[in-house]
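Dear colleague,

I am passing a structure on to you with this message. My findings follow below it.

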Amino acid sequence: MSFPWANHYQPKHPFMQWLDSRLPLPRLVYNSVGAGYPVPRNINYWWNFGVLSGLALLIQIVTGIVLAMHFGANTLVAFDSVEHIMRDVNYGWLLRYAHANGASFFFIVVYIHIFRGLYYGSYKAPRELVWMLGVVILLLMMATGFMGYVLPWGQMSFWGATVITNLFSAIPVVGDSIVTLLLGGFAVDNATLNRFFSLHYLLPFVIAGVVILKIWSLHIPGSNNPAGIDVKGPADTLPFHPYFTAKDLFGAGVYLIVFSVFVFFLPNYLGHPDNYIPANPISTPAHIVPEWYFWPFYAILRAFTVDFILPAKLWGVLAMFAAILLLFFLPWLDGSNVKSNRFKPVSKQLFWVLMFDLLILGICGGKPAEEPWVRISQIASMYYFAHFLIILPIVSRIERPLPLPNSIAEAVLGKSEPAPANAAQPAE
Amino acid sequence: MVRLFGIAIGAVFCVVLLFAALSPREATEVDPTLAFHEHPKKVHWSWDGPIGLGVFGGYDRVQLQRGFQVYKEVCSACHSLNRIAFRNLGEIGFSEAEVKAIAKNWTHEVPTINPDTGEAATRTAIPSDKIPLVYANEIAARAANNNALPPDLSLITKARPDGSNYVYSLLSGFADVPANFPADRRPEAPLHYNPYFHSLAIAMAPPLSAGQVTYAEGQPEATVDQMSQDVAAFLTWAAEPKLEARKRAGVGVIAFLLILTTLAYLSYRRVWAGIKH
């Protein structure tokens, strides 16, 4: 893997030599996230968000495993067991608030990570599979987040599950059967809660598996960089350790501070008050809203208000799934041979229009389905699809990029310079 | 090929959305009572801390005890507080003996079974019991309250937006129906007008009147405003009893992280010293 000038793992301690010759696990770590992985020297702070996503996943898994020790996945006790965690379990409040806010923060860092990929063209060849595995992770996260929100069995849990699972009934012929299969019955009930708990426990480990595939596939071409040009020689890279481990530790510290502000001082800010009311199948909340990280897609779902050959509901469901699935095709929709928006003045503007559009969609998704929000979300949804499916394929073909630097080293140093302290160093 | 497919699909979605955006809306009637809703009044709570950011500042134990008195003497006639055990009252400053006495003298007993016959029975409460329910079940509660259900108050301040201010505003906010209120929407008995309630018409009669509770000597006068604040503070504690532990831990954690992050930043700069990037 990686570049010919990458540092080689040379265990010095006899035990490490013994181990390396039998189970080269230290070698694997060294080559993956150690000094054996050369990284473009010019990557900026936006590249911290990959590692932060991994940290967020780890926090979710650790807090989730302990929460599961105290949670009762049964409609009779689920809500009470969550309150038991909050009141009677040692540091239960910390576990639950960290897990609930951890989900939001996981989405924040992953969304930023995705936007970075969009801006710098990290999805383009040769990293198409890295990007596509990332989209798989996003889908798995959405399923996990949705099912996790159902578990406390509050009003929003119950009615959110009812609304979202009902979407599948829009599918012709088999829709109703699919809903029954998802719910384990004809309405959201104990069978639903049980299977959602089971899957909510399973999927994070599936995510962890896909993360390993993603890192594996990333290490073939190595990381992209803000200039979007290929690594050409040793002067272009620095070893991951200690340069980027040091940078990532600093980034992790900043992340944990912001995260802690929410966990300890604003623990319910990102939640919905209705979820502190136990689920009641005969009382529907005035406004059913999903968690904030689904709002842009919820807005797209609700933007289809008119039957047009197909029923409006089916259009909404198709569009909501299409909005995410189209990301799989992004590497081929973008026809430009330049990756980074730094050198694409038109695409750069369009990226910021997309960010603004997503913000508008997010705001609309959190509002009740009334005017003017419905019409705004219809226009914003139109731009969303037009951006990825029409504008991007055309603009990427006709845009004239600015001249690219010859190499990363030249972009950073102004001219070529002798290779930095990057020569093979013996490992401990 | 992918691009042509993409453009075609994008065009289809855009056409459908354009059609939807241009189709006329049904005329929606604006609810004429909308303008009568009021946002909860803002109170400076003890847990908002000295600068109001909520970083420091815990509960005022004396206020919580006054609030508990209001709950016990007024609210508990209809509203349960079933997620709180009597033993928890020790956390707001009651002694062990006081907690025992409160449990023993509580108006409702705890359901149990007769150990000899196995029949349903009740017994006096002990500190480890949750505060007993007022009504045996929802039907009994509705039957006694004109078909309205008095909610359990254990989580009420977290189950409503801006909950502490909401509870305070609701309790102190009963008013006469404004003169310009739409005649066909006026709350009819047994409902009462309250601009803070989601429907403006609440089944609960104004529960507090000045001097209804006799506070201990040296405590503030028991005005409706004072009692509403006190019981809202008590219910905030009931919904979030770990608030003080949480904030204390938060200050420590963030102080630790600030030091760690500073050191991490310095070592990052040290590692990168002289490296252009």
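How many residues of domain 1 of chain A are in contact with domain 2 of chain A, and how many of domain 2 are in contact with domain 1? In this predicted model, 44 residues of domain 1 of chain A touch 36 residues of domain 2 of chain A. Domain 1 covers 40-282 and domain 2 covers 289-398, and their centres, taken over C-alpha atoms, are 21 Å apart.

Between these two domains an area of about 3,500 Å² is buried, with 72% of it from carbon and sulfur atoms. Tyr119(A), Lys124(A) and Leu167(A) supply 20% of the area that domain 1 buries against domain 2, more than any other three residues. There are 2 salt bridges across this interface, and 11 residue pairs are in polar contact there, both residues at pLDDT 80 or more. On the domain 1 side, H6(A) gives the largest share, with 11 residues. That side comprises 30 nonpolar, 10 polar and 4 charged residues.

I turn next to the two chains. Their contact involves 63 residues from chain A and 54 residues from chain B, and about 5,200 Å² is buried between them, 73% of it on carbon and sulfur atoms. Arg87(A), Phe265(A) and Met382(A) account for 15% of the area that chain A buries against chain B, more than any other three residues. The chain interface holds 3 salt bridges. Arg25(B) and Glu371(A) form a salt bridge, with their closest N and O atoms 2.3 Å apart. On the side of chain A that touches chain B, H10(A) gives the most, 16 residues.

Yours sincerely

Definitions and conventions: Residues numbered from 1 in each chain as written. Chains lettered and ligands numbered in written order. Predicted model: local features only at pLDDT ≥ 70, side-chain atom pairs only at ≥ 80, totals over all residues. Heavy atoms only, no water. Contact = heavy atoms within 4.5 Å. Buried area = accessible area lost by both parts, 1.4 Å probe. Salt bridge = Lys/Arg side-chain N within 4 Å of Asp/Glu carboxyl O. Helix = DSSP H or I, 4+ residues; strand = E, 2+ residues; numbered from the N terminus. Domains from an automatic or database assignment. Polar contact = N/O pair within 3.5 Å; in protein donor to acceptor, adjacent residues only side chain to side chain. Nonpolar A, V, L, I, M, F, W, Y, C, P; charged D, E, K, R; others polar.
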